[in-house]
Amino acid sequence: MVDKTDDTKDFAEERVSKSQLKRESAALQDLAAELAELSKAQLTALSLPDDILAALSQAAALPPRGARKRQLKYVGGLFRGIDVGPVMEKLARIKNQSADAARELHNIERWRERLIAGDDAALTQFLSEYPAADRQHLRQLVRSAKKEAGQNASPRHARLLFRYLRELFETAGSNG
């Protein structure tokens with residue numbers, strides 16, 4: 001005689017609940033929505049199959065209501081055919097790079113505001129932290145930006161100062 005309890009245990013272990021399938025499907029659709037927000041260069045870096053790339057491009061072009069939702073559902077279905085683990089890891093790296101870039105821009109902005117509003121002490125501190133900076137050029141940019149701010153003029157020199165600071169941070173980041 002065959003023991004039926006063993007067969008039902010095996011079947012129960014292999015069977016996935018309908019709720020679990022819905023959660024997995026929703027997670028894949030969420031992943032598709034996140035990927036649809038990326039630029040073409042970022043999507044290309046993910047090494048996705050061509051059909052998924054095309055479907056994501058279509059989803060990105062659609063308005064955020066019904067048609068886009070259906071397209072993202074379709075992309076989620078396409079994801080069932082591939083291993084999405086590596087895609088999720090690369091997406092996390094891209095998000096982290098974006099967060100790091102935003103932090104760096106905020107830091108540059110704080111330095112610029114501090115240099116424009118501050119005195120020679122702020123400039124001296126900046127030059128001690130970034131010795132590669134051209135002291136004379138930096139002083140000239142700060143002085144011109146202060147003058148513009150006092151006259152409520154167009155912030156041309158403040159933008160030039162920001163660009164110069166960004167260049168300094170990029171060279172300091174590549175050297176360090």
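The model is predicted: local features need pLDDT of at least 70, side-chain atom pairs count only at pLDDT 80 or more, and totals for chains, interfaces and linings use all residues. Residues are numbered from 1 along each chain as its sequence is written, and side-chain values use heavy atoms, with hydrogens and water left out.

**Overall form**

- The chain has 9 helices and 0 strands, where helices (H or I, at least four residues) and strands (E, at least two) are DSSP runs numbered from the N terminus.
- The radius of gyration, taken over C-alpha atoms, is 27 Å, well over the 16 Å that the globule rule gives for 176 residues, so the chain is more spread out than a compact globule. That rule is 2.2 Å times the number of residues to the power 0.38.
- Along the principal axes, the C-alpha atoms fill a box of roughly 95 × 40 × 25 Å.

**Burial and contacts**

- Of the 176 residues, 27% are buried, meaning under 20% relative accessible area with a 1.4 Å probe, protein chains only.
- Contacts are heavy atoms within 4.5 Å; of those between residues at least 6 apart in sequence, 60% join residues at least 24 apart.

**Gln-71**

- Gln-71 belongs to helix H5 (residues 66-79) and is buried, with a relative accessible area of 14%.
- Leaving aside residues up to four places away in sequence, Gln-71 touches Ala-55, Gln-58, Ala-59 and Leu-62.
- The side chains of Gln-71 and Gln-58 are joined by a polar contact of 3.1 Å. A polar contact is a pair of N or O atoms within 3.5 Å; within protein, one must be able to donate a hydrogen and the other to accept it, and residues adjacent in sequence count only if both atoms are side-chain atoms.

Technical notes:
Buried means under 20% relative accessible area, exposed over 50%, partly exposed in between (1.4 Å probe, protein chains only).
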